[in-house]
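Thanks for coming. I will go through a few side chains and how they sit against each other. Please look at the sequence and the model first.

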Amino acid sequence: MTPTPDDNQPDKRVTSSHGIRRILEGLISSRSLITIVIGEQDKERFSSAVLAVYPEEHQFVMDEITPKKGHEKLLQHKTLKAYALLKGVRVHFNAEIRKADSKDGIHYYVFSFPEFVYYAQQRTHYRVHVPGAKQKAVRLSKANGRLVDLSLGGVGALFPSDSEINEGEILNNVEIQLPDGSILYCDLEICHVVPLEAQKQSRVGARFVNVPRDQQRRLQRCITSLEREELRTLPKD
């Protein structure tokens with residue numbers, strides 16, 4: 001059987017044409033934003049999207065790179081590094097250009113299939129880091145904590161070490177201040193509590209319970225915004 005990305009292989013290089021095709025087609029169907037780096041020492045980030053995949057020719061097409069200065073850089077260097085999130089999973093690959101052309105004044109590029117695509121499966125829901133969260137962003141009846149990461153499935157937070165939070169308990173009427181300033185109201189199931197003695201804190205991982213649909217939509221918008229910001233700062237390798 002041809003290997004393809006799955007949850008049982010945490011971190012892997014997908015090298016089969018079938019697996020690479022599936023990932024590229026997934027980037028199309030999910031309309032994933034592609035963050036691009038051109039040149040080994042260049043820290044500037046560009047954006048594009050995968051438009052089409054041609055497995056028989058082992059090639060795929062990407063949309064015009066923005067900002068437009070990325071177009072000239074690509075023609076000069078001939079290769080790029082691409083980074084994306086596919087359904088919450090980090091993927092990245094290198095690609096070499098076969099042809100650059102334009103239609104109706106918009107450039108597009110034909111690339112050879114990459115040698116491999118790095119596919120880093122993590123958890124059911126990818127947790128995005130929350131930079132600069134307030135110390136009391138997660139408010140429980142018994143304690144307040146700082147939001148560390150966030151996903152559609154749950155949160156990670158830091159609480160004072162003397163907080164009475166126990167694994168397995170369900171906490172009702174929790175308030176979480178999201179990075180956009182809005183408040184998420186939910187119940188949380190505490191999945192794990194890890195003492196950080198040197199910091200006099202505990203790292204708490206919790207799962208959302210019965211989040212209303214309108215709250216889920218608000219959460220998704222917030223996570224999408226954080227993911228895009230995270231993509232802009234991804235390392236080259």
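Which residue lies over the face of F116? That is R13, at 4.1 Å from the ring centre. A charge counts as over a ring if NZ of Lys or CZ of Arg is within 6 Å of the ring centre and within 35 degrees of the ring normal.

Some ground rules. This is a predicted model, where local features need pLDDT of at least 70, side-chain atom pairs count only at pLDDT 80 or more, and totals for chains, interfaces and linings use all residues. Residues are numbered from 1 along each chain as its sequence is written, and side-chain values use heavy atoms, with hydrogens and water left out.

Now the aromatic rings. There are three aromatic pairs in the structure; rings of Phe, Tyr and Trp (its six-membered ring) pair if their centres lie within 6.5 Å, and planes under 30 degrees apart count as stacked, over 60 as edge-to-face and the rest as tilted. F60 and F93 have ring centres 5.9 Å apart and planes at 85 degrees, so this pair is edge-to-face. F60 and F93 are both buried, meaning under 20% relative accessible area, with exposed over 50% and partly exposed in between (1.4 Å probe, protein chains only). With F111, the ring of F60 has a centre distance of 5.5 Å and planes at 25 degrees, so that pair is stacked. Ring pairs link F60, F93, Y109 and F111 into a cluster.

Last, D187. The side chains of D187 and N172 are joined by a polar contact of 3.3 Å; such a contact is a pair of N or O atoms within 3.5 Å, and within protein one must be able to donate a hydrogen and the other to accept it, while residues adjacent in sequence count only if both atoms are side-chain atoms.
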